[in-house]
Amino acid sequence: MAAPDGPLVIGVDSSTQSTKALVVDTATGTVVARGQAPHVVTEEHDSDPEQWWRALSQALEQCGPAAQQAAAVSVAGQQHGLVTLDADGRPVRNALLWNDTRSAPQRDRLIAELGGPEEWARRAGSVPPASFTVTKWAWLRENEPDAAAATRAVRLPHDYLTGRLTGQGVRGGTTDRGDASGSGWWSTATESYDERILAHVGLDPDLLPRVVGPGEPAGTVAKGLPLPEGILVAAGTGDNMAGALGLGLGPGRPVLSLGTSGTVYAVSERRPADPSGIVAGFADAGRAWLPLACTLNCTQAVDRFAALLGLDREATEPGGSAVVLPFLDGERTPDLPYASGLVHGLRHSTTGGQLLQAAYDGAVFALLRALGLVLDDTAEPDAPILLIGGGARGTAWRETVRRLSGRPVTVPHADELVALGAAAQAAGLLLGRDPAAVSREWDTAAGPEYGAVPRDDEALARLDATLGDADALLRRR
């Protein structure tokens, strides 16, 4: 390894499917080493937190000697997961992940019992979908009371890994305001845990981690780990907040992320509170806000359609009247947790490629429909959409976003933006700087821009009409 220009830091992305670790030169943003190890996820959308720790250890080992030269580390993790620990810090059961919607009945009851959508938006900043942690805890208490009773600490996925790095016990854990804002029990109005919500779901606030502020460390690396003992551990954050940091995102610039889930978000200086439930009113990893809309069905759902049709994922064809609503795992945006996939408008003349294109259209439509609510009136209406995530490299995804949005699209050269955002957070802590400003100096958002094309209003109208007409069917349990 060539001598770095500045101190080295490590950014970690613990996602649904794997853990990635990047060793980054703070002076240039150059990735000098990387590692990755997979996770196993059950059909019920459960995952063993212990395997996340093993995957992190393996990823760090793959980074080689560079990891031993790092001066700080930060972990970004998948949001909303419910990690329950016993008195010794061991998982009581597998974590319930963000894309697990089995708590939809508990979600419905919680919204009704605590004042309705308007009250939830006012207090928590979001109307909780079935993916939020508070609904999962309610499900656990109702369906697995012994597991709930054995729980001595409740953590989000990134909190769990941060705690393992620092060696903090079940009473000494930390989280950050960004990831905490996706739990459903942290109030964006008061920037503290909401005692009324916690009491209603029977969760002792002493089981929750301390929320550390922007620029405040979570601790230092404990002895006996594959990292230098005593180096700084940043607060960490949720994956979406880290993605925003990785782009150096400023207010008003829209981001569309295409991964297992799809997300649309932007940094805002105004606290969001959408009673419709479409926009989650998250905090960002700094002192601002990150209004966000998330879909459960994105690249994986479209790939499933391609596999069913026996086609390559890029083998789309224009034309036809078919409409696909690819809600294979239920859906969060729109809020249809009991839905399944729907195909409408097939004709003898419909080709497989047209049907595949319709699946792309359905996935992108759900995200673009929320874009106007995510962006406030300070946003530039024609600013290019930053297209990130695994799908951003696909021509069919990019062209579908352009055609249905009518906006220009920029695809950043930088990949692994969540891990880069975590690295920027670690660099900011180490250098005493704003992490987003660090990322902007690294020029992580630079990439080819694809100009606007006329918006396909006919396709949008077809999708909108089908969604409205099928509402009762999509809500059927």
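How many disulfides does a search of the whole structure find? The search finds 0 disulfides. The structure is a predicted model.

**Cysteines**
- The closest cysteine sulfur to that of Cys 298 belongs to Cys 294 and lies 9.1 Å away, which is too far for a bond. A disulfide would require the two sulfur atoms to be within 2.5 Å.
- Cys 298 is buried, with a relative accessibility of 0%.
- Cys 63 is buried as well, and its relative accessible area is 5%.

**The packing of α2 and α3**
- On the α2 side, the contact is made by Leu 110, Ile 111 and Ala 112; on the α3 side, Gly 116, Pro 117 and Trp 120 take part.
- The residues of this contact comprise 5 nonpolar, 1 polar and no charged.

**The buried side of α2**
- The buried residues of α2 are Ala 104, Gln 106, Arg 107, Leu 110 and Ile 111. They lie on the same side of α2, because they cover an arc of only 155 degrees around the axis.
- In general, an α-helix has 3.6 residues a turn, so residues three or four places apart point the same way.
- The partners of the buried residues of α2 are α3, α4 (133-143) and α8 (195-201).

Technical notes:
Residues numbered from 1 in each chain as written. Predicted model: local features only at pLDDT ≥ 70, side-chain atom pairs only at ≥ 80, totals over all residues. Heavy atoms only, no water. Contact = heavy atoms within 4.5 Å. Helix = DSSP H or I, 4+ residues; strand = E, 2+ residues; numbered from the N terminus. Nonpolar A, V, L, I, M, F, W, Y, C, P; charged D, E, K, R; others polar. Buried < 20%, exposed > 50% of the residue type's maximum accessible area, 1.4 Å probe, protein only. Arc of directions from axis to C-beta.
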